[in-house]
Amino acid sequence: MTTGATDAAQERLRRWRLVLGGDAADGTGCALSGRDAAMDGALTALYGQGGRPRAGRERAAGLGASAPSVARWLGDIRTYFSSSVVQVMQRDAIDRLGLATLLLEPEMLETVEADVHLVGTLLSLNKAMPETTRETARAVVRKVVQDLEQRLATRTRATLTGALDRSARIDRPRHHDIDWNRTIAANLKHYLPEYRTVVPERLVGYGRASRSVKKEVVLCIDQSGSMAASVVYASVFGAVLASMRSLSTRLVVFDTAVVDLTDRLDDPVDVLFGTRLGGGTDINRALAYCQSQITRPAETVVVLISDLYEGGIRDEMLKRVAAMKASGVQFVTLLALSDEGAPAYDREHAAALAALGAPAFACTPDLFPEVMAAAIEKRPLPIPDTV
């Protein structure tokens with residue numbers, strides 16, 4: 001066997017050894033040293049035998065419940081793994097080993113790799129959080145929120161500004177405001193074959209953005225525990241929408257109670273700390289409140305973000321959705337607003353909403369601006385093929 005082939009075989013064994021964890025039955029016969037041994041120790045502390053210490057000389061003391069040992073482990077994984085892998089391992093440590101309560105310590109929060117899922121965990125611990133930790137937690141949440149705003153805001157504003165312009169069609173547009181595609185389509189019957197052209201009798205145009213409010217948006221967000229990532233993204237998008245002069249944006253969160261957080265939309269961190277993750281669900285009560293706030297149905301978009309596990313009155317909820325749609329409201333149902341993949345949801349309720357012309361589907365943050373633009377323009381929603 002050539003040297004190159006030998007090296008490749010050893011590299012495969014090394015990788016399999018890291019994957020399999022070094023039990024006697026892993027079959028690799030490969031020993032680790034240096035950086036590889038340290039990586040293996042960090043992995044074993046989390047994934048080896050449920051996170052418990054192993055016997056023998058193998059490096060893996062487990063995480064236990066000690067804040068210092070967890071802090072060291074967090075430092076190790078940040079040294080040996082990429083940021084995206086660190087976030088997954090942190091999430092697994094919280095889920096597998098019950099380390100959520102350690103996040104209530106300021107020293108611990110300063111060492112973690114912040115992401116949307118960590119923010120969701122912090123928000124679920126909000127009520128139990130001591131004052132000594134609260135400011136550190138807000139700083140962690142603010143960093144994540146600012147990163148999300150930087151990634152999402154520009155595209156969202158550009159997409160929705162265009163949709164608002166196009167939705168305000170006028171019959172006597174100035175030349176640079178003519179919507180040529182719609183104008184040609186509206187005048188095809190006036191085609192003159194001898195001149196090979198269309199002579200438009202009616203111009204179709206759209207008004208440009210003005211300072212007046214053109215559309216009203218109501219974000220109605222389920223804050224049950226399973227919706228944590230959706231709450232984070234919806235709060236960021238709510239702040240972005242609220243910053244647009246042509247939109248009047250209202251943000252409502254609910255479990256079995258309903259809370260209007262519209263007055264906090266200038267700071268999504270305040271919105272997030274005003275939520276209360278966990279608890280039950282009463283969609284009907286939330287929609288009743290949203291319906292009471294609508295003054296211009298034909299110019300309103302209501303976005304319900306929920307897994308549809310209704311704890312309230314199902315038939316009343318459906319009647320309320322039907323009534324809003326009949327009045328001219330554009331009603332959008334998102335089963336999730338996150339990058340987490342296919343969510344769990346109540347399929348019976350989703351089918352009932354679809355029968356009312358309000359199909360329910362999961363939406364990624366990158367797709368959300370297109371969904372809102374379609375709703376504003378009253379055209380079919382860009383529903384993913386996976387629905």
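Helices and strands are DSSP runs, numbered from the N terminus. The legends below describe a predicted model.

**Figure 1. Overview of the chain.** The predicted chain contains 14 helices and 10 strands. Of its 387 residues, 46% are buried. Among contacts with a separation of 6 or more, 72% are between residues 24 or more positions apart.

**Figure 2. D267 in the loop between β7 and α10.** Strand β7 covers residues 258–260 and helix α10 covers residues 268–273, with D267 in the loop that lies between them. Is D267 buried or exposed? D267 has a relative accessibility of 17%, so it counts as buried, the cut-off being under 20%. Two partners of the D267 side chain can be picked out in this view. One is the side chain of R142, joined to D267 by a polar contact of 3.1 Å. Another is the backbone nitrogen of V269, which the side chain of D267 reaches at 3.0 Å.

**Figure 3. The largest nonpolar core.** This core has 73 residues, and those touching the most other members are W73, L103, L122, V303 and F368. Helix α7, residues 131–167, gives the core its largest share, 10 residues. A second core is separate and has 24 residues, including C220, I283, L335 and A350.

**Figure 4. Surroundings of L122.** Which residues does L122 contact, apart from its neighbours within four places in sequence? They are L103, L109, M129, A137, V140 and V141. L103 is also listed with L122 among the core residues that touch the most other members.

Figure 5. The buried residues are F368, P369, V371, M372, A373, A374, A375, I376 and E377. Just after α14 comes K378, with a positive phi of about 60 degrees.

**Figure 6. Two buried cysteines, C30 and C363.** C363 has a relative accessibility of 2% and counts as buried. C30 is buried too, with a relative accessible area of 18%, again judged by the cut-off of under 20%. How many disulfides does a search of the whole structure find? The search finds 0.

Key: Residues numbered from 1 in each chain as written. Predicted model: local features only at pLDDT ≥ 70, side-chain atom pairs only at ≥ 80, totals over all residues. Heavy atoms only, no water. Buried < 20%, exposed > 50% of the residue type's maximum accessible area, 1.4 Å probe, protein only. Helix = DSSP H or I, 4+ residues; strand = E, 2+ residues; numbered from the N terminus. Polar contact = N/O pair within 3.5 Å; in protein donor to acceptor, adjacent residues only side chain to side chain. Disulfide = S-S within 2.5 Å. Core = buried A, V, L, I, M, F, W, Y, C linked by side-chain atoms within 4.5 Å. Contact = heavy atoms within 4.5 Å.
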